[in-house]
Amino acid sequence: MLPISEAPPHSKPKIPETLNRKHYSYLAAVKPYLSLYHRRTWFFLAVLLLQLLLLLSAPSLPFSFSPAANPSPGPSLAVIRNLTIDNPITAKHGFRDENLLTNLSINDNCPNGQVYVYDLPSIFNTEIAKNCDNLNPWLSRCDALSNSGFGKRADEISRILPENLTSSWFWTDQFSLELIFHNRMLNYRCRTLEPQSAAAFYIPLYTGLAVEKYLFTGNSTTEERDRHCNQMLDWVSDQPFFTRSNGWDHFITMGRISWDFRRSKDSDWGSSCIYMPGMRNITRLLIEKNPWDYFDVAVPYPTGFHPGSISDLRAWQDFVKSRQRRTLFCFAGATRGFIKNDFRGILLNQCNSEPGSCRVVDCGGSKCVNGTSTIMETFLDSDFCLQPRGDSFTRRSIFDCMLAGSVPVFFWHRTAYLQYEWFLPGEPGSYSVFIDRNEVKNGTSIKGVLEKISREKVKKMREKVIEYIPKMIYVNSNKGFEGVGDAFDVAVEGFLKRVKEQEQGYKWK
């Protein structure tokens, strides 16, 4: 059994004895003078003097006179030191905690409550990230996990970007969600260091990174694939705030698709983490969810765009809005030759037969891993981008495409419409085109469908896509952007609203 976090103290603070002695010494000094007056006068002056002395001594008291409705003391120096200096995660991977003291001060702008971040034993996150060379059987993951999960700066992409925006682009890995969220949670404006005042609890287990190498190793055991999740559930089930709610108000990020954690029998793929009893009531933030599981919430894949300011974000939106697009539609991807009647092959055939209207980026092998400047340039130059399902129903290319202001064309409802409801417009036709895959298989021309859409309609769809860009990205700012919620803000606030609804009598599904 792993060590249990020390329970928070619940005793009321005591007024130091030195304070009482200090007051008595003052009274002794003034007593001869007070005796000259009437008893009522003496009593009045004594009370007045005591109040004055209390106010003068207030800085030494262990509690605050703040007028806030729910005062919460700031973090101690020891806590700050642990999070910013002694924590190996911040030291090795650049977690940006320099504004932690400000971020953790009393914040009235948390209408849905505050979040407590569990301080898990290091084997659940720090050590996983530290051993980045051994997380994948083929290559090192250290570059991908650097810079708090953003990866290395994408200097090579600068040739197609405005010069003032090149610093906002990184080679971000699509499976780096857990590090990105953990860093933002440590600095979240609505984070609390007092679990008793929290509305929700975040479990910073790097679930996807922990299981990655075992997914692609043929001789891995079920015990290896389940180890970290099993140990985490053993640990968290001993925490008083977990047992109080049976996990209803707890959430976790899982940086892979839901199906990687749904092994139902030993011979199947992946981990059985989601099927473990203790996980039943914990909300999971994943890059692809099971649409029929209420506790799965799909969040956007990390893209390479992480603006450091609102002005950078607005500059990018203006850039893609004014971009002159010379191609009707495009497709970036590769065929799945091992799949009979591969749908991607049909799309490639239609694209290649219309060279004046469609542009293809061949992503065979690993040529398009984490994106390339060619992919972004293709999306920037195209009115529409074809988005079939990937190895699963979703793919990162959905968000790369929309980030460039290109209108996505879907062929499965589960690729986006049944996935990212919190992050995309509620009316699918306002920002995307849907063509049933069976119609395409039966000969429907994609070019013919897209050419029938008026230029005015295309303009409005593009504007809707660009309007929603903030909700699709993870910004490069500890505090986020005031008044503009990114994908992190939307996800956490969405979960907090769920918890608040349950407290008010809403019945969980």
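Q: Why is Ser373 called buried?
A: Ser373 has a relative accessible area of 14%. Buried means under 20%, exposed means over 50%, and partly exposed lies in between (1.4 Å probe, protein chains only). The value of 14% is under the limit, so Ser373 counts as buried.

This is a predicted model: local features need pLDDT of at least 70, side-chain atom pairs count only at pLDDT 80 or more, and totals for chains, interfaces and linings use all residues. Residues are numbered from 1 along each chain as its sequence is written, and side-chain values use heavy atoms, with hydrogens and water left out.

Q: Where is Ser373, and what does Ser373 touch?
A: Ser373 belongs to helix α14, residues 373–380. Helices (H or I, at least four residues) and strands (E, at least two) are DSSP runs, numbered from the N terminus. Leaving out residues up to four places away in sequence, Ser373 touches Glu156, Ile157, Arg159, Ile160 and Trp171. A contact means heavy atoms within 4.5 Å.

Q: What makes Lys152 partly exposed?
A: Its relative accessible area is 48%. Lys152 sits in the loop between α7 (142–145) and α8.

Q: How far apart are Lys152 and Trp171 in sequence and in space?
A: They are 19 residues apart in sequence, and 5.6 Å apart in space, C-alpha to C-alpha. Lys152 also touches Trp171, along with Asp143, Ser146 and Phe170, not counting residues up to four places away in sequence.

Q: Why is helix α8 described as largely enclosed by the rest of the structure?
A: Helix α8 covers residues 177–186, and ten of its ten residues are buried, so the label applies. Among them are Phe181, His182, Arg184 and Met185.

Q: What makes the pair Phe201 and Phe241 stacked?
A: A pair of aromatic rings is described by the distance of the centres and the angle of the planes. Rings of Phe, Tyr and Trp (its six-membered ring) pair if their centres lie within 6.5 Å; planes under 30 degrees apart count as stacked, over 60 as edge-to-face and the rest as tilted. By this rule there are 26 aromatic pairs. For Phe201 and Phe241, the centres are 5.4 Å apart and the planes are at 25°, so the pair is stacked.

Q: Which parts does this pair tie together?
A: Phe201 is in strand β2 (residues 200–203) and Phe241 is in helix α11 (residues 240–245), so the pair ties together parts that are 40 residues apart in sequence.

Q: How do you know whether Phe201 and Phe241 are buried or exposed?
A: Check both values against the limit. Phe201 has 0% relative accessibility and counts as buried. Phe241 has 13% and also counts as buried.

Q: What makes a set of residues a nonpolar core?
A: The residues are buried Ala, Val, Leu, Ile, Met, Phe, Trp, Tyr and Cys, joined through side-chain atoms within 4.5 Å. The largest such core has 76 residues, and those with the most contacts inside it include Trp169, Phe181 and Met402. Helix α19 (residues 487–503) gives the most to this core, with eight residues.

Q: How much of the chain counts as buried?
A: Of its 509 residues, 53% count as buried. The chain has 19 helices and ten strands.
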